[in-house]
Amino acid sequence: MLACLGITMGIAFASNLFTFYVFYEFLTFGTYPLVIHKQTETSFEAGKKYLFYSLFGAALILLGIIAVFWNSNTLVFNPGGILKQNLISLTVGRMIFLVFFFGFGVKAAVFPLHSWLPSAMTAPTPVSALFHAVAVVKSGVFAIFRLMYFVFSPELVKTMGLQLPVLWIASLTIILSSLFAVYQQNIKKRLAYSTISQLSYIVLGFAFFSPDGIKGALLHMINHALLKITLFFCVGNIILRTGLNEVNELNGIGKKMPITATCFTLASIGLVGVPPTNGFVSKWFLSMGSLEAGETVYIIVLMISALLTAAYLLPICIRSFFFQESDKIKHQKNLEPSAKMLVPVIILAGLSLYLGFYYSIPMVLIEKTVEILLKL
Amino acid sequence: MQTIFLSTSIIVLPLIIAPIVYFSYQKKSSFLLKILILCPLAIAFLNVLILFPIILRHKLVAFRFDFIFPHGISIYINELSLIMGFITTTLWLLVTFYSFDYMAGKNNLNRYYSFLLVSFTGCVGVAFAGNLLTQFLFFEIASLVPYILIIHDGKPHTITAANKYLYMCLMASLALFFSVVYTYFLTDTLEFAELKNLAKQGIVLPTSIFVSFILGYATKAGLFPLHIWLPDAYPVAPSPFGSLSSGIMIKVGIFGIFKLFFEIYDFNLINQLGWGTVLQVIAGITILLGSAMALNEKNLKKLLAYSSISQMGYILLGTSLLNNRALLGAVFHLFSHSFAKGTLFLCAGAIKQKTGNLNIDNMKGLGYKMPITMACFTISALSMIGIPPLSGFVSKWYLGLGCLDASMPLYLIILLVSSLMNAIYFLPITINAFFTSETQKKFTINEVPFKMLFSIVSLTFGTILGGVFRTPILILAKTAAKKLLI
């Protein structure tokens with residue numbers, strides 16, 4: 001697990017495409033043992049799927065890297081883009097972009113390359129929380145960010161006519177995976193689909209190529225991480241203490257695990273984007289970004305998704321607080337886990353609320369980034 | 001400085017007390033804790049009273065905290081917000097006091113009282129908000145937190161009704177979110193004062209913003225055809241909720257429409273574009289439909305719910321006629337309806353508690369056993385019908401004059417028809433309660449406990465005072481109407 005932390009940091013700090021690629025590959029292999037941790041048949045199956053998808057993505061990325069190097073003789077990221085418009089023909093540019101986009105799209109769980117993520121939920125819950133809600137998938141999204149702003153430049157992507165397809169793929173992912181989440185009864189899988197949809201919020205934000213869009217996307221990277229880890233930790237607590245996996249078994253769990261369920265509820269309304277949680281702030285900036293890009297329609301996509309988010313998360317909260325307890329947990333007195341498991345959840349949930357009111361701390365960094373990116 | 005302190009404490013104190021109540025309230029709770037619950041509400045009530053002379057001297061309270069939340073928390077109190085603030089604090093204080101007896105012995109009271117306080121902040125915050133985003137924040141609190149009050153008893157059909165409310169509210173808030181973002185994008189400001197200036201300069205926001213605002217607010221206000229959550233939610237929720245919701249929460253939606261008409265858009269423009277007419281028609285339908293549905297309703301709480309829908313139509317009508325006297329009627333009706341309907345719901349709660357039944361056919365002879373409750377019920381019902389000298393008459397008088405000022409006698413007729421229907425569904429209840437001799441021995445009950453009775457009587461007193469005297473409320477309403485139409 002510690003190794004993976006180093007690798008993820010490596011991805012974040014890599015300054016050229018090759019280093020980036022190396023760490024990116026490491027991440028695949030580093031997280032594989034965690035996916036199959038339980039060593040059951042399903043987990044091996046899921047591990048295989050994960051590996052296959054990732055390697056497929058990696059192959060595409062390698063192809064892209066070679067093409068970029070062949071065209072420009074450098075792989076160092078720079079804010080104006082490695083590939084300049086005068087160096088390559090648009091067709092080649094388009095192909096390189098698509099190869100990269102789908103390569104990175106595997107980890108970012110962009111439709112139709114998302115299906116490894118729900119399967120990988122067989123991993124232990126903390127693993128799901130850290131890697132499949134944050135580290136792995138966020139490196140995919142981060143890679144797409146690098147791709148759009150550092151390998152290519154926003155102008156180039158626009159002239160290639162690829163902004164619209166990216167926006168559409170992201171919107172499609174948002175809506176479809178939210179719909180899948182609504183019908184998913186296994187709670188971890190439901191959260192996995194939710195992750196897929198939220199990741200595409202971020203891709204969408206980047207693809208607007210407008211200041212507020214990038215701000216929203218970067219903010220949402222932080223905010224979604226906080227909220228989703230909170231949700232996964234809460235679910236982990238519930239699974240550990242009761243062994244319940246299905247949404248409709250969770251009736252009355254809030255009466256036995258009040259703190260866990262309260263944090264879960266807070267994170268849920270954060271993900272829906274209700275003020276004053278941090279989810280609202282990123283939704284605000286994303287919507288502004290959409291308008292700056294001259295597109296009203298993506299606000300509606302965000303709104304539909306928010307409604308669907310409410311439809312798949314709030315019933316869990318409602319069940320847990322207001323339904324009669326199921327027989328399994330009726331006679332237990334207190335199911336709340338030990339303090340070590342509660343404190344992180346409380347801190348994370350508190351942080352989400354705090355960032356809803358004072359988002360200026362991450363915002364300072366983000367504004368600098370945006371300044372650098374869009375000046376050029 | 002003093003006013004900043006006063007208005008901030010109204011909003012912030014309940015939020016501080018709510019978690020304390022949540023963690024310390026027990027089933028057999030001490031006297032001190034009940035005082036603690038009442039404290040922020042009482043302070044809020046006093047603060048509003050102190051603000052009265054300040055606002056009457058035409059001083060506005062406006063300030064903002066820039067350091068939190070996107071675009072800051074901005075507070076702006078004018079005459080209209082103070083009227084909302086006054087009814088909100090009064091009703092909340094009395095209803096909470098009423099709840100001490102009504103809810104006694106029920107489960108989850110810590111949750112009930114703490115979220116009651118939080119939703120107070122939401123409602124009063126909408127009234128005092130000075131920019132769109134602050135208003136949106138409090139609007140969310142005012143619509144989502146009451147969900148916990150509706151679902152209180154946790155029975156399956158309660159949950160169904162409450163979920164309907166929840167999802168409708170979420171849709172409403174998304175519609176509002178769209179409008180708020182879009183408005184900010186186009187005008188680069190969210191402050192009501194600046195938006196009003198822009199509107200005066202002739203800057204027109206697109207129709208989609210207007211429609212989406214109306215959809216959001218109308219859902220909350222229970223206007224046709226978005227009223228469908230209302231008759232379901234009221235009967236299943238505890239009676240104090242009905243009182244607060246009819247009295248205040250749905251008016252929060254109406255208050256948003258006031259802001260929309262007069263501070264985000266220019267009202268002349270709304271008239272020219274024909275939106276005034278469209279909304280008048282919607283108001284007319286809401287009035288008639290609400291009253292008609294109430295006519296053959298047997299469940300008292302449902303009856304009151306339909307009656308509330310029709311009364312919201314009155315206020316929307318007064319607003320969309322866009323002239324001085326109609327607007328005065330609408331603003332004053334905020335006050336008279338909230339007091340009268342608040343009382344009616346509290347009486348319904350008293351009846352429910354004593355007889356366990358809300359069927360209006362079972363209330364024959366009830367006046368002999370619960371004379372004070374039923375007398376207050378009668379007075380409030382008369383105010384709803386619009387009988388002088390009660391405050392409902394004052395609002396209806398100005399609304400009627402407004403209809404004629406706008407040369408729309410049709411709407412006057414609708415008002416009168418609706419009054420007639422009000423009489424048809426309210427009066428049999430009181431007549432049966434007092435003037436039947438046959439079943440008076442059926443009940444072996446007596447009057448409700450003191451706290452409930454006190455709240456009911458005080459609110460009725462307010463209804464009478466508002467009609468008999470030229471109260472500060474009327475003066476404020478007059479200034480408010482005049483200022484909105486500048």
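Reader: Which residues touch the most other members of the largest nonpolar core?

Author: A nonpolar core is a set of buried Ala, Val, Leu, Ile, Met, Phe, Trp, Tyr and Cys residues joined through side-chain atoms within 4.5 Å. Buried means under 20% relative accessible area, exposed means over 50%, and partly exposed lies in between (1.4 Å probe, protein chains only). In soluble globular proteins, nonpolar side chains tend to be buried together. Here the largest core has 316 residues, and A:F206, A:W284 and B:F258 touch the most other members. Helix α15 of chain B (residues 324–355) gives the most to this core, with 17 residues. Helices (H or I, at least four residues) and strands (E, at least two) are DSSP runs, numbered from the N terminus. Another core, of six residues, lies apart from the largest one, and its members include A:A225, A:L226, A:I229 and A:L348.

Reader: What should I keep in mind about the model and its numbering?

Author: This is a predicted model, in which local features need pLDDT of at least 70 and side-chain atom pairs count only at pLDDT 80 or more, while totals for chains, interfaces and linings use all residues. Residues are numbered from 1 along each chain as its sequence is written, chains are lettered from A and ligands numbered from 1 in the order in which they are written, and side-chain values use heavy atoms, with hydrogens and water left out.

Reader: Which residues does B:F258 touch?

Author: Contact means heavy atoms within 4.5 Å. Not counting residues up to four places away in sequence, B:F258 touches B:L80, B:E263, B:I315, B:T319, B:L327, B:A330, B:V331, B:L334 and B:L484.

Reader: Where is B:L132, and is B:L132 buried or exposed?

Author: B:L132 is in helix α5 of chain B (residues 132–144). With a relative accessible area of 1%, B:L132 is buried. Leaving aside neighbours within four places in sequence, its contacts are B:V180, B:T183, B:L190, B:F192, B:L195, B:F213 and B:I264. The C-alpha atoms of B:L132 and B:L195 are separated by 9.6 Å, and the two residues are 63 apart along the chain.

Reader: Which peptide bonds are cis?

Author: The bond from B:F224 to B:P225 is cis, with omega near 0 degrees. B:P225 is in the loop between α9 (207–221) and α10 (229–236) of chain B. The bond from B:P388 to B:P389 is also cis, with omega near 5 degrees. B:P389 is in the loop between α17 (371–385) and α18 (391–405) of chain B.

Reader: Where do A:F209 and B:S407 lie?

Author: A:F209 is in the loop between α9 (187–207) and α10 (211–242) of chain A. Its phi is positive, about 55 degrees, although A:F209 is not a glycine. A:F209 is buried, with a relative accessible area of 8%. B:S407 is in the loop between α18 and α19 (409–435) of chain B. Phi of B:S407 is near 45 degrees, a positive value in a residue other than glycine. At 57% relative accessibility, B:S407 is exposed.
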